[in-house]
Amino acid sequence: MRSTTAILLLLVATLVGCQKNGVEPVPDSYWETADPAALGMQADSLSRAIELARDMPNFYALLVARHNKLATEAYFRGKRATSLYHLRSVTKNFVSALAGMAIEQGLVDSLNASITSDFPAIISGEKEAITVGHLLNMASGLTWDEDTEVIPLIQHQIPDPVTAILSRPLEAPPGIAYNYNSVSTHIVAEIISQRAIMPFEQYADEQLLTPLGITSYAWERDPEGRVWGGFGLQLTARDVAKLGQLYLDGGQWQGAQLVPADWVDMSFVAQIDVPTSPTDYSLQWRVSESTGTTIMFGLGFGGQVLMVIPEKDMVIVALQEHFVSFDQSGTQWQNFASRIFGPIFRSVE
């Protein structure tokens, strides 16, 4: 069981980060707004979702886009369109897109590429079977307990986390069992950084963020000075929605193919079963069929949500307070999933 002391340590963690430009974000000009009726949506249903979000004390931002236009956008508790929000594990979805791009560019051979050559001093024996795909699907087999170890990780109590985790023994053969591990994504980011011969944030900025028109962001760093791959990115709500729109459009952005179309397609198909969960997992995305419709979403601590619903041509972004207890984090996610999501999903006529 997580102790009160551990939770408090998480709340007071001091994190070192970087911020592009070092200036206040400017209002984004990409998104156009449209009347919900013109997008085939019921305004009353969307208004109900906003009312519910407003009533939740830790809810900050709700954005719904359909047919590449904003159907509704609301901010609460002093937040606004230019505020930067802690995405927590939704960071992983941006890293996944970058991994697909790195494979397309030949920096990484394939999902099936072994990571041995990237860490020859650490990886040997049975661990040589670990691939980039295993890391992205949370199936490396490496020993890790996210619930108890993520606080020491965030608090920089695990020096050089990439080396530390890769040095651990296997608890299962690679590719067999799902075990959520935020360092897995961090390792993928480090592999891309090494192959591209540049800091990962520079690669991310050049290849994805700048092409998407993301001009300002903040990103926390690990003890070695590397931006975290598994969490730590901060963006505006509108910029988060851009990644969802990119995936809705098969990886294309304003006429350019940024993320390979086949990577997007693979992301919509479950790659590994998640025990005791209604969702499966695929390349850092959660995949659900519970509504009878394929839904893929990123989920971050505190109930941060980036949701993509291809059948409805819809993107949903929900952003909430991230410095909360583990129990409160679960409550905030459940509040979105059980109360706010329904009116939005049913708003499509």
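A definition to start: two strands pair if DSSP finds at least two bridges between them. Helices (H or I, at least four residues) and strands (E, at least two) are DSSP runs, numbered from the N terminus. Now the ground rules. This is a predicted model, where local features need pLDDT of at least 70, side-chain atom pairs count only at pLDDT 80 or more, and totals for chains, interfaces and linings use all residues. Residues are numbered from 1 along each chain as its sequence is written, and side-chain values use heavy atoms, with hydrogens and water left out.

Start at strand 11, residues 295–300. It forms a hairpin with strand 12, with three residues between them. Look at Gly 302 in that turn: its phi is positive, about 95°. The two strands run antiparallel, joined by five bridges. Within that pairing, Gly 298 sits opposite Leu 306 of strand 12.

Next hairpin. Strand 12 and strand 13 have four residues between them, and Asp 313 in the turn has a positive phi of about 50°. Again five bridges, again antiparallel, with strand 13 covering residues 314–320. Met 307 has Ile 316 as its bridge partner in strand 13.

Buried means under 20% relative accessible area, exposed over 50%, partly exposed in between, with a 1.4 Å probe and protein chains only. Both faces are covered: Gln 304, Leu 306 and Val 308 on one side, Val 305, Met 307 and Ile 309 on the other.

On to charges. A salt bridge here is a side-chain nitrogen of Lys or Arg within 4 Å of a carboxyl oxygen of Asp or Glu. That rule gives 10 salt bridges.

One of them joins Asp 160 and Arg 226 at 2.8 Å, N to O. This pair ties together distant parts of the chain, 66 residues apart: Asp 160 lies in the loop between helix 5 (146–154) and helix 6 (161–166), Arg 226 in the loop between strand 5 (218–220) and strand 6 (233–235). Asp 160 is partly exposed, at 23%.

Another is local. Lys 242 and Asp 239 meet at 3.0 Å, N to O. Both lie in helix 9, residues 237–248, three residues apart, about one turn of the helix. Is Lys 242 buried or exposed? Buried, at 1% relative accessibility. Asp 239 is buried too, at 5%.
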